[in-house]
Amino acid sequence: MDHAEDHYYVPHESHWPIVGSAGLLFLMIGVSVWLNGADAGFWIMMTGVAIVIFMLIGWFGQVIGESEGGRYNAQVDMSFRMGMFWFIFSEVMFFSAFFGALFYARNMAVPWLGGESNNFFTNLLIWGDFESTWPTNGPGNLGGEFEVMGPFGLPLINTAILLTSSVTVTIAHHALIHGQRNLLKVFLAATFILGFIFVFLQAEEYIEAYQHMNLTLSSGIYGSTFFMLTGFHGMHVTIGAIMLTIIWLRVMKGHFTADRHFAFEATAWYWHFVDVVWVGLYVFVYWM
Amino acid sequence: MSGAITDAHADHIEHDDHGPTKGWRRWLYATNHKDIGTMYLLLSLVMFFVGGSMALIIRSELFTPGLQFVDPAFFNQMTTMHALIMVFGAVMPAFVGLANWMIPLMIGAPDMALPRMNNWSFWILPVAFGILASTLFMPGGAPASGWTMYPPLVLQTGDAFPFLIFSVHLMGLSSIMGAINVIVTIINMRAPDMSLLKMPMFVWTWLITAYLLIAVMPVLAGAVTMLLTDQFFGTSFFLAAGGGDPVMFQHIFWFFGHPEVYIMILPAFGVVSEIIPTFSRKPLFGHDSMVYAASSIAFLSFIVWAHHMFTVGMPLTGQMFFMFATMLIAVPTGVKVFNWMATMWRGSMTFETPMLFSLGFLFLFTIGGFSGLMLAIAPADIQYHDSYFVVAHFHYVLVPGSIFALMAAVYYWMPKWTGHFYNESLGKLHFWLSTIFVNVTFFPMHFLGLAGMPRRIPDYSTQFTDFNSIASVGAIGFGLSQLLFVYVVYQCARKKGEVASQAVWDNPRGLEWTVPSPAPYHTFATPPKISSDAAFS
């Protein structure tokens, strides 16, 4: 096939997607079997994880090779950009489900259990001694008394870290555009290091919550929303930091030019996205 | 229309055409939008029969009162699996298959924008449905909570539970990637002179559908993830003792679920908007108003979800809001129905099979729309809720709605795919059998529902017997009629019919009719040039 610049690059065939599907098959069956109580599930799951990682390395490796080989014209670049944008939009909607659960529980479910609206008898007859407050582990006092994770201390430090990392990645981007490769390397490294520090501190926070505050996933609706929101966010920060690390390694190898660096920008967008989610978390989960 | 093409791109294709790889690699490693489209369509056809068989088990059990063939637990598994398979396995993949085949052809693109991801979108589906189907053989059986998976009932599912959750995750992953591909293809890959408002309606409706998919499939993923953590990790999202609320699941689910309804019908609107102009020999009436109507429907779909939950308890203001917002949908839908009729007005109409299915769609979908309007009325819905009236309603919009549009699309574009016509007489027979039996099946359900027969129950009171027997006969008739469809498609794929010309039909509009029949393996390697006054739909 003719791969001139004015032709949209259509790869001829690829075995990576079917490898990915095989990986997902093992992964999903493994997790399910494991959750159902069979230890073999763990190993099936790990097999799936290994296949998926193998697929990701192979697939991305191929795409990076094609990109560096100059096979992508501006239109292909635009497809990747739009694809990334809509992927991030789908992630926003995923987090929306959990934020929605938080708002619904705080503003509706918990007040109703406390007898608000037309739920006087629900409260009186089923949960007679329950008063609606937030945070709460519900009328059943699930998980026992717990302490609340306040907005100061680690969460505030983490906010500063993540906001700083958003600045450093922007400085790195400008350095890339202006051809200042050394500045780029330093600030990109700073970004992913800040990212990993955030993940480390978040883990510390979880350990503190579990060991000293009796705040767990089982601490009613507060524990559920707290850990699911911060947990999925932390997972995304981890993925983002790994992406940044890979971009950094590519920078070290001399990849990217001032006007062609889609992977860098996609990663930066993703990083800003996890940053924005964190601001939402900080305000609605830790602070208000 | 073909006169508008000034570039002899057909010559170009011959240089570029590698043709397909031989053997299984062609399908497993596919990046070609036509191959992937074909795989989607075949998968959905298989799923249509799997889901249909489950429907026939349900209808056999309901032929007479009392329990005869299956126990109630298995009956519930059948209703649940029938719905999951039909929604996620038959209707959605079929429309994605059409999108794969037709969107690049209709906008003059060489392929989908992200061909490898396109492959993955498809090949996740057999994994998802393999996992889902395997639950039938697990201790505790398949999921039996209804496809809506309401807690706490769904948490009583046996070993199948995590498999159910993860298969839904995989279906969502596939849909999201497929939708991203569709949006990027439409926005970025159109022939240079095709402005957004010149796009064919099928492309437009798919653009809107893809947006809906990306917006709501992640929300479903979130909802089932909460079910999973409630079951296995001690969270209490849907547990009142912990401050959660089972009703919250319904809110999150239906925030996905209602746009999902339009995900299954908007591409059908697009198909019908392509077919009716062709066989009326007139351009689509009110193309731009169709676009605005479809966009309005999409917007409204996000603010009507709680009309599925009028009976579970919500503040009065909520009921009022969701009732009126729901009724508002009748306005843009009415615009569409009006435009289709105005398109036919004084057209020189002919009634080939695709047109027959489109007209069947128009009449019968509208019946489903009207019963939907009845259900939207909150105080009346308290009576209709969870009765067979609801079953009748959504089967009218899904079977003679979505499925008829799919049939119409296959008959309409199959000559372009294979280069040969299907057997017109058998196609028409298929239409008439389907139309008669679909009404025999689902129309009596309106009466059953109004008389008080609840849905999802394997046994019923004896006064419901007559209409149930009629519905069961209709269902078996409808199921058998679809075997005819398979035969017609098979014959057409074997190239048994008349040879189709490039335009196939009588001067249809659209770029897909400017490439040879059958469409070459690679089309539009360079974008077609289009004269500025050309309209496409």
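Visitor: How many residues does helix α2 of chain A have, and what span does it reach from its first C-alpha to its last?
Guide: This is a predicted model. Helix α2 of chain A covers residues 40–68, which is 29 residues. At 1.5 Å a residue, 42 Å is expected. The helix comes close to that, reaching 42 Å.

Visitor: Which residue just after α2(A) takes a positive phi?
Guide: The phi angle there is about 75°. The residue that takes this value is G70(A).

Visitor: Which residues of α2(A) are buried?
Guide: Buried means under 20% relative accessible area. Among the residues of α2(A) that are buried are G41(A), M45(A), G48(A) and I51(A). Further along, the list includes V52(A), M55(A), G58(A) and W59(A). It also includes V63(A), I64(A) and E66(A).

Visitor: What covers the buried residues of α2(A)?
Guide: Part of the cover comes from chain A, including α1 (16–35), α3 (74–113) and α7 (220–252). Chain B takes part too. Its contribution includes helix α5.

Visitor: Which residue forms a salt bridge with E66(A)?
Guide: E66(A) is one of the buried residues of α2(A). Across the interface of chain B and chain A, the rule finds one salt bridge. The closest N and O atoms of the pair are 2.8 Å apart. The partner of E66(A) is R116(B).

Visitor: How many residues does the contact take from chain B and from chain A?
Guide: Both chains contribute to the contact. Chain A gives 66 residues, and chain B gives 69 residues.

Visitor: What area do chain B and chain A bury between them?
Guide: The size of an interface is often given as the accessible area lost when the parts come together. Here 73% of that area is on carbon and sulfur atoms. The total buried is about 5,700 Å².

Visitor: Which residues in chain B lose the most area to chain A?
Guide: Together these residues make up 13% of what the chain B side buries. They are Y29(B), R116(B) and W120(B).

Visitor: How many residue pairs are in polar contact across the interface of chain B and chain A?
Guide: Both residues of a pair must be at pLDDT 80 or more.

Visitor: Which helix gives the most to the side of chain B that touches chain A?
Guide: Helices α1 (9–16), α2 (25–28), α5 (115–134), α6 (160–188), α7 (201–232) and α8 (246–280) of chain B each supply at least two residues. The most from one helix is 12 residues. That helix is α7(B).

Visitor: How do the residues of the side of chain B that touches chain A divide?
Guide: Six of them are charged. Another 19 are polar. The nonpolar ones number 44.

Visitor: How many residues apart are E68(A) and R250(A)?
Guide: These two form a salt bridge, with the closest N and O atoms 3.4 Å apart. E68(A) lies in helix α2 of chain A and R250(A) in helix α7, so the pair links distant parts of the chain. They are 182 residues apart.

Visitor: Which residues are linked with D77(A) in a network of salt bridges?
Guide: D77(A) and R81(A) both lie in helix α3 of chain A, four residues apart, about one turn of the helix. Their side chains meet in a salt bridge at 2.7 Å, N to O. The network links D77(A) with R81(A) and E265(A).

Visitor: Is D35(B) buried or exposed?
Guide: The side chains of D35(B) and R26(B) meet in a salt bridge at 2.9 Å, N to O. R26(B) is partly exposed, with a relative accessible area of 24%. D35(B) has 3% relative accessibility, so it counts as buried.

Visitor: Which residues does T185(B) touch, not counting residues up to four places away in sequence?
Guide: T185(B) lies in helix α6 of chain B. At 0% relative accessibility, T185(B) counts as buried. The residues it touches are I103(B), I107(B), D111(B), M112(B), A113(B) and R190(B).

Key
Residues numbered from 1 in each chain as written. Chains lettered and ligands numbered in written order. Predicted model: local features only at pLDDT ≥ 70, side-chain atom pairs only at ≥ 80, totals over all residues. Heavy atoms only, no water. Contact = heavy atoms within 4.5 Å. Buried area = accessible area lost by both parts, 1.4 Å probe. Salt bridge = Lys/Arg side-chain N within 4 Å of Asp/Glu carboxyl O. Polar contact = N/O pair within 3.5 Å; in protein donor to acceptor, adjacent residues only side chain to side chain. Nonpolar A, V, L, I, M, F, W, Y, C, P; charged D, E, K, R; others polar. Expected span 1.5 Å × (residues − 1). Buried < 20%, exposed > 50% of the residue type's maximum accessible area, 1.4 Å probe, protein only.
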